[in-house]
Amino acid sequence: MGRFENRVVLVTGAASGIGRAVAERLAAEGARLCALDVQEEALSSLGADLRPAEVETRRCDVSDEAEVEASVAACVARFGRLDALVNVAAILRADLLHELRTEDWNRVIAINLSGTFFTCRAALPHLLESRGNIVNVSSTAAVHGQPYAGAYAASKGGVLALTKSIAIDYGKLGVRANAVLPCDIATPIFGQFQMPEGGDWKLVKRVMAPKGSGSPADVAGVVAMLASDDGAHVTGAEVRVDGGCFA
Ligand SMILES: NC(=O)c1ccc[n+]([C@@H]2O[C@H](COP(=O)([O-])OP(=O)(O)OC[C@H]3O[C@@H](n4cnc5c(N)ncnc54)[C@H](O)[C@@H]3O)[C@@H](O)[C@H]2O)c1
């Protein structure tokens, strides 16, 4: 029997990379899933790939609080409960801070940080009923910064602080919250990185794992542990999956 039999999990950013690997891993362990993303075609192919697992796929921009509220409500309407929320959706923008446009700063914060807040807020009443848990995908950027990614690092620091605060506020009520901090995982997000003019590759190499890049499945296994009963005594934790980038 899988660790997620009879459990319902909502995953954001499920169409690609780490989110997709999380959806695949949880479905393989018996979860019923609500998979959210803005990439509709990739979401449909995820739903087809995961059959016969029960998967509700839905286009949802996590920066839109009304869409988030409606998506969480649709998930609970379909499956009748919610046991875990895994926040994976994010974008990366690369700039030197003095050249970063306000609209790019706002977009990164809106998706990566406000989006995480919106899903947590909408999911918590249901997680309180199920004594469920939240896993938020932050980044080692939250604690070490990241070259040419000030907005991204700030958003991920916010996600980490939000996660720890949820763990404090809701721990007594039986809801856990943990953060996973990946670094150097081979996914399409790297396509969003463009070296700023005059940038220094030596700085970028600081966030490359000495043993080579990890895979989305490497992160998914850790997320699955934290979201399952194997993580029953783990809350408020920041778990690095960084291949030794900062060892
Ligand atoms: N790949 C890495 O090395 C690395 C390192 C540290 C942290 N992370 C984090 O891991 C998570 C997954 O990233 P990934 O590497 O798999 O990249 P990815 O680009 O493959 O996945 C991100 C997903 O988020 C979705 N998304 C973007 N904006 C959205 C929005 N407004 N609403 C809903 N979905 C949206 C994208 O469509 C995509 O499917 C992110 O939170 C990222 O910050 C990745």
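This is a predicted model: local features need pLDDT of at least 70, side-chain atom pairs count only at pLDDT 80 or more; totals for chains, interfaces and linings use all residues.
Residues are numbered from 1 along each chain as its sequence is written.

I start with the chain as a whole. The chain has eight helices and seven strands, where helices (H or I, at least four residues) and strands (E, at least two) are DSSP runs, numbered from the N terminus. Its radius of gyration is 17 Å, close to the 18 Å that the globule rule gives for 247 residues, so the chain is as compact as a globular protein of that length; the radius is taken over C-alpha atoms, and the rule is 2.2 Å times the number of residues to the power 0.38. Along the principal axes, the C-alpha atoms fill a box of roughly 55 × 35 × 35 Å. Of the 247 residues, 47% are buried, and by that I mean that 20 or more other C-beta atoms lie within 10 Å of the residue's own, with 12 or fewer counting as exposed, anything in between as partly exposed, and C-beta atoms placed from the backbone. Among contacts between residues at least 6 apart in sequence, 74% join residues at least 24 apart, a contact being a pair whose C-beta atoms, placed from the backbone, lie within 7 Å.

Now to the sheet. In what order do the seven strands of the open sheet lie? The order is β3-β2-β1-β4-β5-β6-β7, and the pairing is parallel, two strands being paired if DSSP finds at least two bridges between them. The edge strands, each pairing on one side only, are β3, residues 55-59, and β7, residues 238-241. From one strand to the next, the twist averages 15 degrees. Helix α2, residues 40-50, packs on this sheet, touching β2 (32-37) and β3, and its direction makes about 180 degrees with that of β3; here axes are lines fitted to C-alpha atoms, for helices over the stretch in contact, and angles run from 0 to 180 degrees between N-to-C directions. Helix α3, residues 65-79, also packs on the sheet, touching β1 (8-12), β2 and β3, with a direction at about 160 degrees to that of β3.

On one side, strand β4 (residues 84-87) pairs with β5 in the parallel sense over four bridges, with N133 as the bridge partner of A84. Five bridges join β5, residues 133-137, to the parallel strand β6, residues 176-182, and there A179 is the bridge partner of N136.

Turning to the ligand, which residues come nearest among the 29 around it? They are G13, G17, A90, T187 and I189, with a residue counted as near if its C-beta atom, placed from the backbone, lies within 6 Å of the molecule. Helix α1, residues 17-28, gives the largest share of this shell, three residues. The shell divides into 17 nonpolar, nine polar and three charged residues, where Ala, Val, Leu, Ile, Met, Phe, Trp, Tyr, Cys and Pro count as nonpolar, Asp, Glu, Lys and Arg as charged, and the others, Gly among them, as polar.

Helix α1 also holds I18, which counts as buried with 28 C-beta neighbours inside 10 Å. Leaving out residues up to four places away in sequence, I18 touches V88, V137, P182, I185, T187, P216, V219 and A220. The C-alpha atoms of I18 and A186, 168 residues apart along the chain, are separated by 9.1 Å.

I end with some backbone details. The peptide bond from R51 to P52 is cis, with omega near 15 degrees, and P52 is found in the loop between α2 and β3. R131, although not a glycine, has a positive phi of about 50 degrees; R131 is found in the loop between α4 (102-130) and β5 and counts as exposed, with 12 C-beta neighbours inside 10 Å. Y148, another residue other than glycine, has a positive phi near 60 degrees, and is placed in the loop between α5 (141-144) and α6 (150-171). Is Y148 buried or exposed? With 22 other C-beta atoms within 10 Å, Y148 is buried.

Terms used
Two residues are in contact if their C-beta atoms, placed from the backbone, lie within 7 Å.
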